[in-house]
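User: I am new to this structure and would like to be walked through it with questions and careful answers. Could you start once it is on display?

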Amino acid sequence: MDADRESALTSHAGKERIASCGCGGLKAAISGEPSDIYVCSCEVCQQRSGGAFTYAAIFPEADVTVTGESRSWRRKAQSGRWIENSFCPTCGIAVFFRSQGLPGMIGIAVGCLSDRDFPKPNRVFWASRRHRWLEWPADIPLIDTQ
């Protein structure tokens with residue numbers, strides 16, 4: 001683990017993080033540390049985020065308490081397994097997701113945490129579909145698929 005990532009994780013040890021949609025109606029309180037952090041540039045993630053990629057952190061579901069109303073939609077990933085995205089029905093912002101491939105885990109959209117010190121991603125998935133102008137630091141592996 002690099003020093004920046006270790007410092008960012010240590011600075012939050014024992015602290016609760018709150019992910020929130022734009023209107024504040026949907027929240028996820030997180031008590032633990034992420035088991036993984038990544039960026040995905042697949043076409044669906046670009047569409048879902050309205051940007052060039054998604055930036056997500058995976059946590060044990062036992063460490064996350066979701067409050068407020070949400071709506072969800074499912075899609076099949078390239079692997080054939082489902083991914084369920086949950087968003088606020090009022091403002092439409094996607095706060096969390098679950099995946100058939102990650103039982104017992106929940107993914108949080110890092111942008112919903114409003115934490116400028118959150119650790120950088122461990123890798124970029126679907127780098128083959130990333131916007132060509134987007135350059136990543138050399139220490140973040142680019143994976144062409146997932």
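User: In the hairpin of E1 and E2, which residue takes a positive phi?

Analyst: This is a predicted model, in which local features need pLDDT of at least 70, side-chain atom pairs count only at pLDDT 80 or more, and totals for chains, interfaces and linings use all residues. Residues are numbered from 1 along each chain as its sequence is written, and side-chain values use heavy atoms, with hydrogens and water left out. The hairpin of E1 and E2 has six residues between the strands, and the one with a positive phi, near 85°, is Gly24.

User: In which sense do strands E1 and E2 pair?

Analyst: Strands are DSSP runs of E with at least two residues, helices are runs of H or I with at least four residues, and both are numbered from the N terminus; two strands pair if DSSP finds at least two bridges between them. Strand E1 covers residues 17-20 and strand E2 residues 27-30, and Ala19 stands opposite Ala28 in E2. Over four bridges, the sense of the pairing of E1 and E2 is antiparallel.

User: Which residue of E5 is the bridge partner of Ala29?

Analyst: E2 is also joined to strand E5, residues 64-67, by four bridges, and these two run antiparallel. Within E5, the bridge partner of Ala29 is Thr65.

User: Is Leu26 buried or exposed?

Analyst: Leu26 lies in the loop between E1 and E2, and its contacts (heavy atoms within 4.5 Å), not counting residues up to four places away in sequence, include Ala19, Val66, Phe87 and Phe96. Buried means under 20% relative accessible area, exposed over 50% and partly exposed in between, with a 1.4 Å probe and protein chains only. At 0% relative accessibility, Leu26 therefore counts as buried.

User: What is the order of the strands in the open sheet of seven strands?

Analyst: Strands of a sheet pair through backbone hydrogen bonds, either parallel or antiparallel. In this open sheet the pairing is mixed, and the order is E6-E7-E8-E9-E4-E3-E10.

User: Why is one side of E6 and of E10 left without a neighbour in the sheet?

Analyst: Strand E6 (71-76) and strand E10 (124-125) stand at the edges of the sheet. One side of each is left without a neighbour because each has a single partner strand.

User: Which residue of E4 is the bridge partner of Ile37?

Analyst: Strand E3, residues 36-40, and strand E4, residues 54-60, pair in the antiparallel sense over five bridges. In E4, the bridge partner of Ile37 is Ala57.

User: What is the relative accessible area of Ser114?

Analyst: Most residues other than glycine have a negative phi. Ser114, in the loop between strand E9 (105-109) and E10, has a positive phi near 50°. Ser114 is exposed, and its relative accessible area is 68%.

User: Is Trp126 buried or exposed?

Analyst: Trp126, in the segment after E10, has a positive phi of about 55° although it is not a glycine. At 8% relative accessibility, Trp126 counts as buried.

User: What is the radius of gyration of the chain?

Analyst: The radius of gyration is taken over C-alpha atoms, and the globule rule is 2.2 Å times the number of residues to the power 0.38. With 146 residues, a compact globule would have a radius of gyration near 15 Å, and this agrees with the value for the chain, 15 Å.
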